[in-house]
Structure formats: C-alpha cells, structure tokens
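Hello,

Here is the structure you asked about. Please open it and follow along with the notes below.

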Amino acid sequence: MQNKFNETDKTSGAEVLHVASCHLPTPWATFELHGFEEVASGREHVALTLGAVADGAPVLTRVHSECLTGDALFSRRCDCGPQLEAALDAIATEGRGVLLYLRQEGRGIGLLNKIRAYALQDQGADTVEANERLGFPADRRDYSVAAAMLRSLGIATLKLMTNNPRTVHALEHYDISVAERVPHIIEPNPHNAGYLRTKTVRLGHLFPWPET
C-alpha cells in the first residue's frame with residue numbers, strides 16, 4: 001500500500017515503495033527495519049534507523065551494498081562484514097542514525113558474477129581487472145535508489161561513513177547533502193590486503209596506510 005514513504009528520485013525518476021516497518025533487536029540496539037521495493041525493477045532494499053532521523057540535523061549514515069560472502073559467510077577476502085558490524089555499532093553508540101542495505105552484490109554485478117570474478121582473482125587478477133574481464137565496469141552500483149530511500153525517511157543531510165569519495169559525489173548528485181565524511185576503516189588481514197590496496201590505487205578509496 002502506498003503511503004508517505006513513497007519517494008521518486010528527482011534526478012533519475014527512480015521510485016521506491018515503502019512496504020513495511022518493524023522492530024529489529026540486534027546485539028547493538030533495537031533498530032527500526034524499513035522494507036522498500038524499487039517500482040521499476042522489483043528489487044528489494046532495507047534501511048535500519050535508530051532515533052529521530054527526520055529532525056533536520058545531519059544523520060550518521062552508512063550506505064552498505066549487499067555482500068553475502070562477507071556479511072553472512074564471514075569471508076576475509078573483503079572488509080564488508082566488519083564494516084557492516086562497525087557501522088551498526090557506531091550508530092548504536094551515537095544513539096541515532098541510518099544504515100541502508102542495498103541489494104547490489106559485487107559492486108552491482110550480482111552474486112554469480114562475483115563468484116566468477118573471485119575465480120579470476122584466484123588466478124591473479126585484481127578486483128577491477130576481474131570485473132572488466134567479465135565485461136563489467138569496476139563499479140556499476142546505482143545510488144539513485146539510496147537517495148530516494150533517504151528522502152522517504154525524511155533525511156537530507158548526512159554524516160556519511162565511507163572511505164569512497166565516489167559515494168559522496170554520487171549522493172550529492174542526487175541532491176543529498178554530505179556534511180561530513182566519516183572514515184570507516186577496517187584493519188587489513190592477509191587475505192584482503194591486496195584487495196584494499198587495489199581499492200586505494202585504482203578506485204580512489206581513502207585509507208590511512210601507504211598505497212604500496
């Protein structure tokens with residue numbers, strides 16, 4: 001049923017439909033879980049909110065793209081799972097914030113293509129080369145839906161937890177103001193050090209350790 005949560009992105013025309021909300025107890029806090037559906041594609045996304053996020057003040061925010069291997073299967077090939085947990089912990093500590101969980105696995109190429117990309121990485125390709133060999137750009141995520149979800153929740157200004165300047169620019173392109181970029185650093189491990197180095201050198205992510 002359509003309600004006040006429905007929002008059309010002003011730039012792209014992407015429309016999201018709020019489906020339902022519920023309480024979600026977690027180890028960090030009891031969040032409100034909001035389910036959204038993209039009208040055009042039917043893809044499903046969720047947002048977790050804590051506290052009064054629609055009061056106009058900048059909201060501590062994490063825009064997190066789905067990573068089944070890292071978030072649910074504890075893969076150490078990436079930093080996604082620890083970043084998800086760290087974001088929920090930071091929001092709980094702040095007592096106010098939002099986490100968007102976008103169904104854009106593998107930087108937008110999907111789960112099975114991500115596994116194909118991992119196989120190429122096992123053969124020596126880096127994460128960018130693997131995507132390109134499969135015929136995809138390095139990052140094909142779409143942030144227009146994130147912007148529409150944020151507006152539907154009454155959020156227009158963010159304190160954004162990210163190391164990726166492209167995420168900042170993408171949200172600002174869709175008229176979401178980023179008042180502050182909050183570094184979201186997870187220490188590397190032997191399995192993901194090369195991956196994080198590639199994100200630094202080839203994708204422009206901002207990390208505190210040397211590029212090499």
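Predicted model: local features only at pLDDT ≥ 70, side-chain atom pairs only at ≥ 80, totals over all residues.

Start with strand 6, where both faces are covered. On one side, Gly97, Leu99 and Tyr101 are buried.

Strand 6 spans residues 97-102, and six of its six residues are buried, so the strand is largely enclosed by the rest of the structure. Buried here means under 20% relative accessible area.

Now look at the strands it pairs with. Strand 4 (residues 44-50) runs antiparallel to strand 6, and five bridges join the two. Find Ala47: it stands opposite Leu100 in strand 6. Strand 5 (residues 59-65) pairs with strand 6 in the parallel sense, also over five bridges. There, Arg62 has Leu99 of strand 6 as its bridge partner.

**Arg43**

Next, go to Arg43. This residue sits in the loop between strand 3 (30-38) and strand 4. Is Arg43 buried, exposed or partly exposed, and which residues does it touch? Its relative accessible area is 32%, so Arg43 counts as partly exposed. Leaving aside neighbours within four places in sequence, Arg43 is in contact with Phe36, Glu37, Glu38, Arg103 and Gln104. With Arg103 there is a polar detail: the Arg43 side chain reaches the backbone oxygen of Arg103 at 3.4 Å.

One last distance to check on screen. Arg43 and Val16 are 27 residues apart in sequence, and their C-alpha atoms are 9.5 Å apart in space.

Best wishes

Definitions and conventions. Residues numbered from 1 in each chain as written. Heavy atoms only, no water. Buried < 20%, exposed > 50% of the residue type's maximum accessible area, 1.4 Å probe, protein only. Helix = DSSP H or I, 4+ residues; strand = E, 2+ residues; numbered from the N terminus. Pairing = 2+ DSSP bridges. Contact = heavy atoms within 4.5 Å. Polar contact = N/O pair within 3.5 Å; in protein donor to acceptor, adjacent residues only side chain to side chain.
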